[in-house]
Amino acid sequence: MDYYQKNVSEVLEFLKTSINGLSEGEAKKRLQVYGKNVLEKKKKKTSLQIFLSQFKDFLIFILIIAAIISGFVGEIIDTITIVIILFINALIGFIQEYRAEKAMEALYKMASPYVMIIREGKIKQIPVEELVPGDIVLLEAGHIVPADLRLIEAHQLKIDESPLTGESVPVLKHTDPILEKNISLAEKKNMVFKGTLVTYGRGKGIAVTTGMNTELGKIAKMVQEEETRTPLQKRLADFGKKLGIATIVICLVIFAFGILRGEGPLIMLLTAIALAVAAVPEALPAVVTITLALGARKMVNLNALVRNLPAVETLGSVTYICTDKTGTLTQNKMTVKKIFTLEESEYLFLCMALNNDVEETKENKLTGDPTEIAIYEFAKNKDFDKMKLQNEFPRITEIPFDSKRKCMTTVHKKKNNYLVFTKGALEVLLEKSTYILSKKEIKPITDKIKKKVLNEAEKFAKEGMRLLAFSYKETNKISNFEDFEKDLVFLGFCGMLDPPREEVKSAIALCKSAGIKVVMITGDHPITALTIAKELEIVEKDEYTEEILIIGKELEELTLEEFERRVEKIKVYARISPEQKLKIVKALQDKGQFVAMTGDGVNDAPALKKADIGIAMGSGTDVAKEASDLILLDDNFATIVKSVKEGRKIYDNIRKFIKYTMTSNSGEIWTVGLAPFLGLPLPLLPVHILWINLITDGLPGIALSGEPAEKDLMQRPPRHPKESIFAHGLGIHIIWVGLLMGGVSLFTQTISLRFDMHWQTMVFTVLCLSQLGHVLAIRSEKESLFKIGIFSNIILFLSVIFSIFLQLLIIYCSLFNKIFHTQPLSLQELTLTLALSTVIFIVVEVEKFIKRRFFLSSVKNYGQVLEVQEYDK
């Protein structure tokens, strides 16, 4: 039933109750039928179930097999390393599983523990969980609304609905039916909703829905939806599957050809197993974890707290940022932007200073209605301080604001006379005003003057401002209250706005330069939303068309297919409900976009949870924080841009590690796989393969996680959401550089066999050192190592030096000679080995040089094309 459309008697009849409330017996029956007025908690998994669920990933499964194989061939260090890596990943996933439960607990805490109701004609206090539909609830300032209520009494009742609807100003409620259909929560002025706050006045309402059936309950259900996987998780899962299949095929082929060539079955089995272990980059999960952890730590210094570690990288993939307006783009603080008056007199500022109920606490904090605080602060900035003026002009009496009169009047003593100040709706004060102050004279207000005032008011309204008008009169007697608001002198009006945060405009410009589209989603009025959007340049000033803005009612009427056709053109959503926010995020995701959602209210939680990355404000509600992946500790939209840069850097570094480790693995496979075809003996023993895999993939690979960001990072468009991890030539690089690495190794074997050198030790060392040269060369996609600086990643440099030292130790230490089946190399052999080991580094540096030349040429040609196009225009 649409309770807001019905009158009070119809609602009472439908819920089979009365203004005297339910009987205790009936209340107990309804408690059995409707259940407790609580937000249900999602059934929790056991700790063991959560832990075991972390091992479902295909790459993790391959690593488990690799650990078993390593143990089987006696490589206990590899086994222990893989087990530790698996445990770290399981622990991270285990922690993340609690996020939904925490969000639910935060929602639950929003409810008030007790509620005042009427049952059997008597006022009673009961636990909020025992409230049932049909109960009559009493509301006073300071109360948290315990359920969704249809109001039956409202005495200057104002509700702060900003966490639920996005409205920045408390809403004045009434009891009249609203006949319009399909309206947003913000427009249901005769309803109050669970979890919102009574800021002023008092009221009485019928509980129409409780628990999970309330608007807050609907949000709780949406927050419990399954989480989406991050782009990194999707890419690594896909990578793991492809790698597993390729590994099995390659190892079977190498084993078969080895047997056909006459190699021993045991040595070929061990070699195939060693290659299988080598092909799986067991350091990858560790590198991903360390890279993300380092990024998360850096982001804390940037005032961004990461709650979901894999989501750090997601920022680099984001194509859309759907941001809430109130409190995110704006200050969530009403401010007088400008005033209109024919005479800027002291009476206008006196009226603004004195005609309000704002109080100042001992801590110098202002309490009261946000609109009144705005005019109080404006007057104070004009040197009209209420705290000082009220001694000179003490308030004698007042007529409080109500929804029918739409104005408030206060009367103040002024020596032998009285000052009457009235503020309220413009059209009401124009009707009550007989005169106007102009050029220091009080003149009759004519129709022409009224028209001028209304024309100015229309300009203010088009700028999205809320209007508040002011009038006054001076009298020598006070008698009848009705006379206070007659024959007033019109002073003017002010336009108020919840202003944008100062730093947001530049942050949005940076988002645009990074190829990220910013979309505003709010429960506020469409004109206000569009004004802020234009001011922040989310919408260009000459861009406004029907396609750019949509309101919740229109969105409700669109089918999913119709909405998806329009969704990528819309930049401003107004009067939007929580369900619709979720619908917007889903629609964008259906169009292949990766969506970040920012917000601070309860109404943002479902969309924060569903979005590819949810970003909550540090000053926002606990619900929003618990549903998010990232919390902006400084509430600064600009922090998102810094986080995007960090996310892109993290993904870059993970790709660099994959390029490095998979090229190394490719080189090992080509070396062992091609040798039989060339009539060469098995170039490497299983222990050599496992050593190379452990040492080169280990320290240098992990050190890549600390690689500084590339210079052009924020000039690139976002990665395509479905982009393969092997895109932009990474896969091709792995194949051809791996093949070259294998070729250099086999060339080393051929030369050393011909000249009767220690060929196996030389091949082993060339392959190991070539990979270390490769890691230095791939630190940047385009720039030379010598330009970015050898020492700009000091940890990587030291890890390469340490790895070279370990390799030399294996060659020249007799103990390790026995373990690794190596022989000391002569000076001539070592010189040749070191020379051949530089080939990969030199070739990759040449490749980058060619890329740079091609890139500069492309940019130059593109610039010439743009010049021609501009000339044609």
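Residues are classed as buried under 20% relative accessible area, as exposed over 50%, and as partly exposed in between (1.4 Å probe, protein chains only). The structure is a predicted model, in which local features need pLDDT of at least 70 and side-chain atom pairs count only at pLDDT 80 or more, while totals for chains, interfaces and linings use all residues. Residues are numbered from 1 along each chain as its sequence is written, and side-chain values use heavy atoms, with hydrogens and water left out.

Aromatic pairs were assigned to rings of Phe, Tyr and Trp (its six-membered ring) with centres within 6.5 Å; planes under 30 degrees apart count as stacked, over 60 as edge-to-face and the rest as tilted. The count by this rule is 12 aromatic pairs. The ring centres of Phe349 and Phe384 lie 5.4 Å apart with the planes at 40°, so this pair is tilted. Helices (H or I, at least four residues) and strands (E, at least two) are DSSP runs, numbered from the N terminus. Phe349 belongs to helix H14 (residues 346-354) and Phe384 to the loop between H15 and helix H16 (386-392), so that distant parts of the chain, 35 residues apart, are linked. Phe349 is buried at 5% relative accessibility, and Phe384 is buried at 16%. The pair Phe791 and Phe797 is edge-to-face, with centres 4.9 Å apart and planes at 70°. Phe791 is exposed, at 55% relative accessible area, whereas Phe797 is partly exposed at 22%. One aromatic cluster is formed by Phe340, Phe460 and Phe493.

A charge is taken to sit over a ring if NZ of Lys or CZ of Arg is within 6 Å of the ring centre and within 35 degrees of the ring normal. The charged end of Lys158 meets this criterion over Tyr200, 5.7 Å from the ring centre. Lys158 also lies over the face of Phe401, at 5.7 Å from the ring centre.

Salt bridges (a side-chain nitrogen of Lys or Arg within 4 Å of a carboxyl oxygen of Asp or Glu) number 39. Glu377 and Lys333 are joined in this way, with an N to O distance of 3.5 Å. This pair links Glu377 in helix H15 (residues 370-381) to Lys333 in the loop between helix H13 (325-329) and strand E10 (335-340), 44 residues apart. Both partners are partly exposed, Glu377 at 23% and Lys333 at 38%. In the salt bridge of Glu485 with Lys432, the closest N and O atoms are 3.3 Å apart. Glu485 is buried at 8% relative accessibility, while Lys432 is partly exposed at 22%. Lys782 and Asp712 form a further salt bridge (3.7 Å, N to O). Lys782 lies in the loop between helix H30 (759-777) and helix H31 (785-788), and Asp712 in the loop between helix H28 (686-703) and helix H29 (730-754), so the pair ties together parts 70 residues apart in sequence.

Disulfides, defined as pairs of cysteine sulfur atoms within 2.5 Å, number 0. Among the cysteines, Cys407 is buried at 0% relative accessible area and Cys511 is buried at 1%.

In helix H34 (residues 827-837), the buried residues are Glu829, Leu830, Thr833, Leu836 and Ser837. Seen down the axis of H34, these fall within an arc of 130°, so they line one face of the helix; the arc is that of the directions from the helix axis to the C-beta atoms. The face turned away from the buried side of H34 carries the exposed residues Leu827 and Gln828.
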